[in-house]
Amino acid sequence: MAAHISTLSLPRLLVAAKNASLHARWQAVAHSAVRYSTVPVPQEKTFDKILIANRGEIACRVMKTCRMMGIQTVAVHSDVDASAVHVKMADQAVCVGPAPTNQSYLNMDAIMEAVRSTGAQAVHPGYGFLSENKEFARRLAAEGVTFIGPDTHAIQSMGDKIESKLIAKAAQVNTIPGFDGVVETVEDAVRIALDIGYPVMIKASAGGGGKGMRIAWNEEETRDGFRFSTQEAASSFGDSRLLIEKFIDNPRHIEIQVLADKHGNALWLNERECSIQRRNQKVVEEAPSTFLDADTRRAMGEQAVKLAQAVQYSSAGTVEFLVDSHKNFYFLEMNTRLQVEHPITELITGLDLVQQMIRVAKGYPLLHKQEDIPINGWAIESRVYAEDPYKSFGLPSIGRLSQYQEPLNLSNVRVDSGICEGSDISIYYDPMISKLVTYGATRAEALSKMEDALDNYVIRGVTHNIPLLREIITHPRFISGDISTNFLPEVYPDGFKGHQLTAGGQRELLASAAALHVCAQLRAQTFLGTLRVSASSQERRRWDLCVELVGERHPVVVSRTGQTYTVEVGGESLVVSGEWDLASPLLPLKINNTPRMLQCLSRTASGDICLQYLGTSFKVRVLSPLAAELSSFMPEKVPEDTSSILRSPMPGSVVAVSVKPGDTVAEGQEICVIEAMKMQNSMTAAKTGKVKSVHCRAGETVGEGDLLVELE
């Protein structure tokens, strides 16, 4: 895992932090690159060896704290993860099975054997996989191994959404109106939904992470939602039970981080704003929230602590709430584990949550009181995924990271990742590349830093969601704090289309492409810094070019003085300067003295250039006037008619095929279901017609673009 490491020496940190308040501990590292500290307490003995029952970035994150605490670590891995970063980072590693999660990271027998063979005294489950599995915690306890998390009672009580809602009501925590029981059949679902009143939320009782959740606005959607939620719940959690509750339209999703010990002490560590979501999964989070005032924050925190104490909770946990426009808040669920977005809480409080979990698991009381918990500055997290943001705001992408460079050259940037250059993103696991976190004294500063970090993040080999992330954090609604869980569909009702160029932005892009093209031509004419042909005429200083962008041609004139290019385009003159290191993936430029960080994704000798500008990739072609004239005679490739065929929009496995050759299908009718990263996606017909042929079967693996079904 990559992260900035504090430059303050450990002895100095210990001196600064020993017997100090949390605020003082935060100040001890306030001028270092990291805004939280892992400060071992010398007299506290915890564990000699911890096994991390997870993979990827969260396994690396836990190992980082263990290393700071002097604890040895054991990694578990599937056979395809044998060379993964978390495996190399650990002191020991054990293979627990083949790639499918149910045969490896969910294989309790194999993981228990790994615990025995390595002599691990404790297990940290991370998030996902077995992190909220009461049976796993019970089996560890039976063998005298510490589960770094709450006890089985709390996992059971809060992991079951039906039971947790009843406990929340009894603890006087605000809850959403709904049916307090298990929905047995699809007919029961329809009846209950009518009783509650549409819209309703259908969700897995044992679920989390957005899986097994569907919103229904009518009876048809209730029937479909019941089917898909049941299947996803069984696949992801091994528990197909569902519940139904009122869907709070246009809410905010705000959660409270809690921390409790085995001595009855419990704290709330402020909130995290998690409203930017797609398919009920978070995309951008921040702490604190722009929406909460001090009174609402305190009320939510106190209710979260009440709930934790009601189940004798002991560890780090998260209580999630939906908050309406009037600041009424309703209990959603409690995650009895370390949350994905925990880094932003660490940055504003100065606490290392993994360290606190380890201390609590060993039986030590909390070191701090509620009045010690600060809000220092602002932190923002962007989840960087190997996803295509132009497809439903992010459908999974697979591939190998051919080039990878994290923006750790920037201050106040933290990257939690579990991959490196050469790593594979496969269909078997979550497509997260990293959690990119920035910190600032103010929200504006944190946002500005996030812009820079996204522009400096180099990812090649897989499609990624940086274009979407950058557009979100620079959108006026997000900047003003006017957000809800409906932000993405409201801002992009026709789907995400990438950055929309203004006239000024278009001129900057055209000028940058033209200057880059000329620079590359000049470099091609030299060898060891001198012209290849020594008898050539005086060096050229003016170029007449034609730049094509989105089907339009733009005449451009480029002149050069040293490393500075003056580009005349669209009736304007732009000065483009930079170091012009064509071997670097990053292209730092100044355009009319405005700093811009571009990336050259590809460049050919024929003038085709792909540039990443303001997060979005644009394809341009730079030609001479003669070449541009001749290119108009080249035939254009006719786009494929996709109305009669269905191709897989993502890599995944076929769960079900609903048609056969000769069947007549209506427009919008389900043809098959593709599961990718544990999410099920219904593929529907684009038009009414008769099925000509079916090219897939249930259980098969398909790639992006594979032909599934043809219509006549």
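Student: Is C95 buried, exposed or partly exposed?
Tutor: In this predicted model, C95 is partly exposed, because its relative accessible area is 44%.

Student: And how far is the sulfur of C95 from the closest cysteine sulfur?
Tutor: That distance is 17 Å, to the sulfur of C60, so the two are too far apart for a bond.

Student: Is C696 buried or exposed?
Tutor: C696 counts as buried, with 4% relative accessibility.

Student: New topic! Where is T318?
Tutor: T318 lies in strand β12, which covers residues 315-323. T318 is at 0% relative accessibility, so it counts as buried.

Student: Which residues does T318 touch, leaving out those up to four places away in sequence?
Tutor: Among them are E255, I256, V258, R272 and M334. With R272 there is also a side-chain to side-chain polar contact of 2.9 Å.

Student: What about L338, how far is its C-alpha from that of T318?
Tutor: The two C-alpha atoms are 7.7 Å apart, with the residues 20 apart along the chain.

Student: Last one: where is E346, and what does its side chain reach?
Tutor: E346 is in helix α12, residues 342-349. Its side chain reaches the backbone nitrogen of L353 at 2.9 Å. E346 is buried too, with a relative accessible area of 0%.

Conventions
Residues are numbered from 1 along each chain as its sequence is written. This is a predicted model: local features need pLDDT of at least 70, side-chain atom pairs count only at pLDDT 80 or more; totals for chains, interfaces and linings use all residues. Side-chain values use heavy atoms; hydrogens and water are left out. Helices (H or I, at least four residues) and strands (E, at least two) are DSSP runs, numbered from the N terminus. Buried means under 20% relative accessible area, exposed over 50%, partly exposed in between (1.4 Å probe, protein chains only). Contact means heavy atoms within 4.5 Å. A polar contact is a pair of N or O atoms within 3.5 Å; within protein, one must be able to donate a hydrogen and the other to accept it, and residues adjacent in sequence count only if both atoms are side-chain atoms. A disulfide is a pair of cysteine sulfur atoms within 2.5 Å.
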